[in-house]
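Thank you all for making the time this morning. I would like to walk through one model slowly, and I ask you to keep the view open while I talk.

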Amino acid sequence: MKVLLLLFVSVICAHAKVTPDYFLSCKRTDPQIDKCILDGINAMKPQIIAGIPEVDIPPLDPFTVPTLKLDRTAPNLRIKATIKHGMAYGAENFKIEKLKVNLNNKYAAEVKLVIPKLKVTVDYDIRGSQILTLDISGKGKAVLNLTGVTVIAKGIGKSVIKDDVEFLQIDKIVTKVRLNNAHIDLVDSQSPVAASSAASFFNASPQVILDILNPLIEETSAKIIKAFGDKILAKIPISEVLTEKK
């Protein structure tokens, strides 16, 4: 979910006067600050896609998905898995449909993001896991093709002081994720027949499975955004992001 991270951070820092010349800045009291930030994101889109090493933003497309360890038990779901070597393709076609910032005694932002198509490849190792009545344990490679990806991320930041300089840190963040459709291919090195059955089961009724997995998807997305966001924000002083200039 790299694009979520990049866009949430862009809400806070897209206009910052940092090292690159193409970074702009927004006046803190600008009555149209939402538009100021959104214009900056759109202007910086080529740099966001390519990556901005000065502020630790990696390339957007393809995006390297960090190693994930999942352990969750819920109605119709029991999963314990390790996801590694993930890559996501297609995020460069993102569109921001909504952007709202609240700087009234806090740092709060909401972003609604749409990606038409997203392809994700991962290595998976799933043990003792089940969705509905289907055993999904196995080890191998998975390819997910997702269409109509919609993500709403809402976050609140807090000020932290480091070496007498004020920076921003993500305090809380939640995400809502919706998919129009999804298709999965599994290449299992241990149980190929079971993997084929699991993929067929998923592809026959993807929305049923996605509804079951959705809380886990949203929780995991929020954790990824916070981890990457804090790393990036730790390099950008607030004074270079939100100015007091007249």
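This is a predicted model: local features need pLDDT of at least 70, side-chain atom pairs count only at pLDDT 80 or more; totals for chains, interfaces and linings use all residues.

Residues are numbered from 1 along each chain as its sequence is written, and side-chain values use heavy atoms, with hydrogens and water left out.

The protein chain has 5 helices and 11 strands, where helices (H or I, at least four residues) and strands (E, at least two) are DSSP runs numbered from the N terminus. Of its 246 residues, 47% count as buried; buried means under 20% relative accessible area, exposed means over 50%, and partly exposed lies in between, with a 1.4 Å probe and protein chains only. Among contacts between residues at least 6 apart in sequence, 69% join residues at least 24 apart, a contact being heavy atoms within 4.5 Å.

Let me turn to the strands, which I call paired if DSSP finds at least two bridges between them. Strand S4, residues 77-89, pairs in the antiparallel sense with S2 over 3 bridges, and there Thr-64 stands opposite Met-87. S4 also pairs with strand S3, residues 68-74, again antiparallel and over 7 bridges, with Asp-71 opposite Lys-80. Two further antiparallel partners of S4 are strand S7, residues 130-131, over 2 bridges, and strand S6, residues 107-126, over 7 bridges. In S7, Gln-130 is the bridge partner of Arg-78, and in S6, Ile-126 is the bridge partner of Ala-81.

S6 is in turn joined by 7 bridges to strand S5, residues 95-102, and the two run antiparallel, with Ile-96 bridged to Leu-113. S5 and S6 form a hairpin with 4 residues between them, and Asn-105 in that turn has a positive phi of about 65°. In the hairpin of S3 and S4, which has 2 residues between the strands, Asn-76 takes a positive phi near 70°, and Asn-76 is partly exposed, with a relative accessible area of 47%.

Now the rings, for which I use the six-membered ring in Trp: rings of Phe, Tyr and Trp pair if their centres lie within 6.5 Å, and planes under 30 degrees apart count as stacked, over 60 as edge-to-face and the rest as tilted. By this rule the count comes to 1 aromatic pair. Phe-63 is in strand S2 (residues 63-65) and Phe-228 in helix H5 (residues 206-233), so that the pair links parts of the chain 165 residues apart. Both Phe-63 and Phe-228 are buried.

There are also charges over rings, by which I mean that NZ of Lys or CZ of Arg is within 6 Å of the ring centre and within 35 degrees of the ring normal. Lys-45 lies over the face of Phe-94, at 4.6 Å from the ring centre, and Lys-162 lies over the face of Phe-167, at 4.7 Å.

What covers one side of helix H4, and which of its residues are buried? H4, residues 192-204, has 13 residues and reaches 18 Å from its first C-alpha to its last, close to the 18 Å expected when the expected span is 1.5 Å times one less than the number of residues. In H4, Ala-195, Ala-198, Ala-199 and Phe-202 are buried. Seen down the axis, the buried residues of H4 fall within an arc of 100°, so they line one face of the helix, the arc being that of the directions from the helix axis to the C-beta atoms. On the other side of H4, Val-193 and Ala-204 are exposed. The cover over the buried residues of H4 includes S6, strand S8 (134-135), strand S10 (165-188) and H5.

Finally, some backbone details. The peptide bond from Asp-61 to Pro-62 is cis, with omega near 0°, and Pro-62 has its place in the loop between helix H3 (45-50) and S2. Asp-163, although not a glycine, has a positive phi of about 55°; Asp-163 lies in the loop between strand S9 (138-162) and S10, and is exposed, with a relative accessible area of 70%.
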